[in-house]
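Please read this briefing alongside the sequence and the coordinates. It goes topic by topic.

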Amino acid sequence: MDFLQFILTLDSTLRLSTVLLLACLAGLFSERSGIVDIGLEGKMLISAFVAAAIAYETGSVWMGLAAGMLASLIFAMIHGVASIIYRGDQIISGVALNFLASGLTVVVGDALYRQGGQTPTLAGSARFSEITLPFADALRDVPILGPIYSELISGHKPLVYVAFLAVPLVWWVLFRTRFGLRLRAVGENPSSVDTAGVSVVGMRFKALLITGLLCGIAGAYLSTSQAAGFGKEMTAGRGYIALAALIFAKWRPLHAMGACLLFGLLEAVSNLYPNIDVFGLFTIPVQFTQTLPYILTVIILGGFIGRAMPPNAIGQPYVKER
Amino acid sequence: MSETAPAIELKGISKSFGPVQANKDISIRVMPGTIHGIIGENGAGKSTLMSILYGFYKADAGEIFINGKKTEIPDSQSAIAAGIGMVFQHFKLVKVFTVLENVVLGAEDGEMLTPSLVKARDELTNLAQEYGLNVDPDALIEEIGVGMQQRVEILKALYRQADILILDEPTGVLTPAEADQLFRILARLKEEGKTIILITHKLREIMEITDTVSVMRRGEMTATVKTADTNPAELAELMVGRKVLLRVDKTPAKPRETVVEVRGLNVTDSAGVHRVKDVSFEIRGGEILGIAGVAGNGQSELLEVLGGYEKATGEILINGQAIDLTGAHSDGQSRRKRGIAHVPEDRQNEGLIMDFQAWENMAFGYHHDPNYQKNPLLMDNRKIRDETQAKMERFDVRPPNPDLMAKSFSGGNQQKIVLAREIERNPDLLLVGQPTRGVDIGAIEFIHQRIIELRDEGKAILLVSVELDEILGLSDRIAVMFDGRIMGERLPEETDEKELGLLMAGITDTKTDHSVAEVEAQLANAGGAPRKEV
């Protein structure tokens, strides 16, 4: 593998990690507030569909993005009402939303476009285009740094930059602001927040609001940036992979980026090098490399990699007590 | 007294939860700069009253006056604004946060955290000097001891400029030395003009520190008296509504042959923490061995090994015969066959199944009893039920109805059900953990009498309790555990709370004086990882 090929692999890794990273950060807010969010998948799926449909209808990808975020937000609020106000089981609510998204996107998509659940292919302004950073072309021929800048860093869709810039921002919000302190506290010991005179319900809804918006961006990225239109079940379990990455990252934003890049790399490798030849002895089939992210998910969720300490109050509805 | 307005005045407070009236027309005046005790049995309505004052519940009727001004307290925020601070029995701290972060939480100055933290750090230094409340602001809550955590709670209230401090059962989790330290802090706060409300069920604390005391019984305020004008016996009578024997009445033990002998016992729990370290003791028939210690120093594991649900190395002989500590016969069933009965520490999780009826609970552990089998397939439920009814009457369980679910009995009556099940099996060795935790004074008296009776029948009893009064009152010999080891054995008539308190902190040199800081440092070092919360 030569250097340029290496850079291109990483470039692809960035693109493929983006959706995971956005979903993972979305989950981070929800779970840090004490709400399990198995419904990342469903929120992304509904957003991917709505974003593609609205982008197609209006011809504006930005309208699509806004609509996708709104759809995801509505799903997040349904989860909030069920699990915060009515203290329902958070897993069940999340799974129900996943099913709802899975069915709704296909039924509505087929009714609108008669393409078996797909939306028409997006083109032009209905799709995000690459941003070429300044001097990318001029620096292309500089050894080492040139390709890193112009291939790896420059030339991505805007949402890729949004996702990676969100990482330090999330870190800052979580550890340097009042909101972050309260958010972390409400996931660890909600009664400490309650007795301090801060609304537990309010904090958790604020967290889910952010979760909804970030998931919306993730879904819109999938159908308007990574692909050119919505396809049935196009999230393909990425919501669950993001959740695994979140656990792997022990609910910390910088680690979340690392975990998502690892998953992205596995996906990039399986895309770019379908059949890996091992010293001419045998060939690793593409099916194997494609399953790698899922195998890693199972390993992480099975708790094989270290002991993850989730927020203490996660999954428990808050009931005021004496 | 009429010139100064009371710091807190409640007028005609009533509160019902469905058919249960938790507070009935309660009126109380707490004068500023005093320590006012509120005493009552569990369920007397003390906590409900304080929750109303802190804005957790809304009263059905009644008025609240703070410093003479009528005040509405719909939520905790308003209570804090009115200058009320509350130290709950179960601390409201975030364990993975530092002391500083816990103090600041909810009382931040702006959107950004750093300025708030800087300000709070200065303020903590001031408060530490003013009231002698020394705490390391950068320590994580999970790494500091319970006494220190309580100080953080007090600091939280003071940081929010509380003038009125409510403490709910503050000494329940403290060693005697820590409790003394707390009382010194409270006295200091009082000197500085703070008003303190102390909720407790311990008569000794009321007598020791309060100026005035109000007694609650069944949701009503039965009396408010000056502490100097009353005595423990009178208060106990006011609490329970009848004369109560505060001391355990017992004759000297008449020990017989050795029933249980423990040699070199070691326990390592599932997390790999060495919980019990080389423990040896023996108990003879007709004798009670009391194990004192701060919760989490290996006492629980000791009971679990003897009761048959924790593995161990070493040797345990019952009536001269070794019992299996690791193999197929190290389970509870085998232990019962060898004459060991167990009243576990955690009655609601290990002693009973709360959603099962009393008669079902009475059969647990003894469900293989041939007497309970109607035929090879079916159990004789009617017989178990009738037997349960008789046992409930003998143990004064109220109401004596075998069809009620375990959870519908009060703590004291639940404990009587467990005791009835275990004692009526006539065991050679009875293990009892925290027999009176969460149990009312009236029931405590009864439970203690039954344990003494069993002793007088010549049975061996191993008592584990965090209540030193109970250990001193019941035991014929006292062993103190610290960090998994037995620090020493004492006779109850030759020791006192102070000496036991030092042993509980691992200090064996009990003759010289030790500072509170030293005791605390010792306690903080004790044990490995914190044990599961009970």
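Predicted model: local features only at pLDDT ≥ 70, side-chain atom pairs only at ≥ 80, totals over all residues.

Residues are numbered from 1 along each chain as its sequence is written, while chains are lettered from A and ligands numbered from 1 in the order in which they are written.

**Chain A**

- Chain A has 12 helices and 2 strands. Helices (H or I, at least four residues) and strands (E, at least two) are DSSP runs, numbered from the N terminus.
- Along the sequence, the pattern of chain A reads α-α-α-α-α-α-α-α-α-α-α-β-β-α.
- The radius of gyration of chain A is 20 Å, close to the 20 Å that the globule rule gives for 322 residues, so chain A is as compact as a globular protein of that length. The radius is taken over C-alpha atoms, and the rule is 2.2 Å times the number of residues to the power 0.38.
- Along the principal axes, the C-alpha atoms of chain A fill a box of roughly 65 × 45 × 45 Å.
- Of the 322 residues of chain A, 48% count as buried. Buried means that 20 or more other C-beta atoms lie within 10 Å of the residue's own; exposed means 12 or fewer, and partly exposed is in between, with C-beta atoms placed from the backbone.
- Among contacts in chain A with a separation of 6 or more, 76% join residues 24 or more positions apart. Two residues are in contact if their C-beta atoms, placed from the backbone, lie within 7 Å.

**Interface between the chains**

- On the chain B side, 25 residues are in contact with 19 residues of chain A.
- Helix H1 (46-53), helix H2 (76-81) and helix H4 (113-131) of chain B each supply at least two residues of that side.
- The chain B side divides into 12 nonpolar, 8 polar and 5 charged residues. Ala, Val, Leu, Ile, Met, Phe, Trp, Tyr, Cys and Pro count as nonpolar, Asp, Glu, Lys and Arg as charged, and the others, Gly among them, as polar.

**Domains of chain B**

- The domain assignment of chain B gives domain 1 (8-240) and domain 2 (258-353 + 426-525). Such bounds come from an automatic or database domain assignment.
- The centres of domain 1 and domain 2 of chain B, taken over C-alpha atoms, are separated by 33 Å.
- Contacts link 13 residues of domain 1 of chain B with 16 residues of domain 2 of chain B.
- On the domain 1 side, helix H5 (146-159), helix H6 (176-191) and helix H8 (232-240) of chain B give two or more residues.
- That side has 7 nonpolar, 5 polar and 1 charged residues.

**Sheet E6-E7-E8-E3-E9-E10 of chain B**

- In this order, 6 strands form an open sheet with mixed pairing. Two strands pair if DSSP finds at least two bridges between them.
- Strand E6 (84-87) and strand E10 (220-226) of chain B each have a single partner strand, so one side of each is left without a neighbour in the sheet.
- Strand E7 (residues 164-168) and strand E8 (residues 195-200) of chain B are parallel, with 5 bridges. B:Asp168 has B:Ile199 in E8(B) as its bridge partner.
- H1(B) packs on the sheet, and its direction makes about 150° with that of E7(B). Axes are lines fitted to C-alpha atoms, for helices over the stretch in contact, and angles run from 0 to 180 degrees between N-to-C directions.
- H8(B) also packs on the sheet, touching E3, E9 and E10 of chain B, at about 30° to E9(B).

**Sheet E16-E17-E18-E13-E19-E20 of chain B**

- This open sheet has 6 strands and mixed pairing.
- Its edge strands are strand E16 (340-343) and strand E20 (485-490) of chain B.
- E16(B) and strand E17 (residues 429-433) of chain B run parallel, joined by 4 bridges. B:Ile340 stands opposite B:Leu429 in E17(B).
- Helix H9 (residues 299-307) of chain B packs on the sheet, its direction making about 145° with that of E17(B).
- Helix H17 (residues 497-504) of chain B packs on the sheet too, at about 35° to E19(B).

**B:Glu422**

- B:Glu422 lies in helix H14 (residues 411-423) of chain B.
- B:Glu422 counts as buried because it has 23 C-beta neighbours inside 10 Å.
- Leaving out residues up to four places away in sequence, B:Glu422 touches B:Ala341, B:His342, B:Val343, B:Pro427 and B:Leu430.
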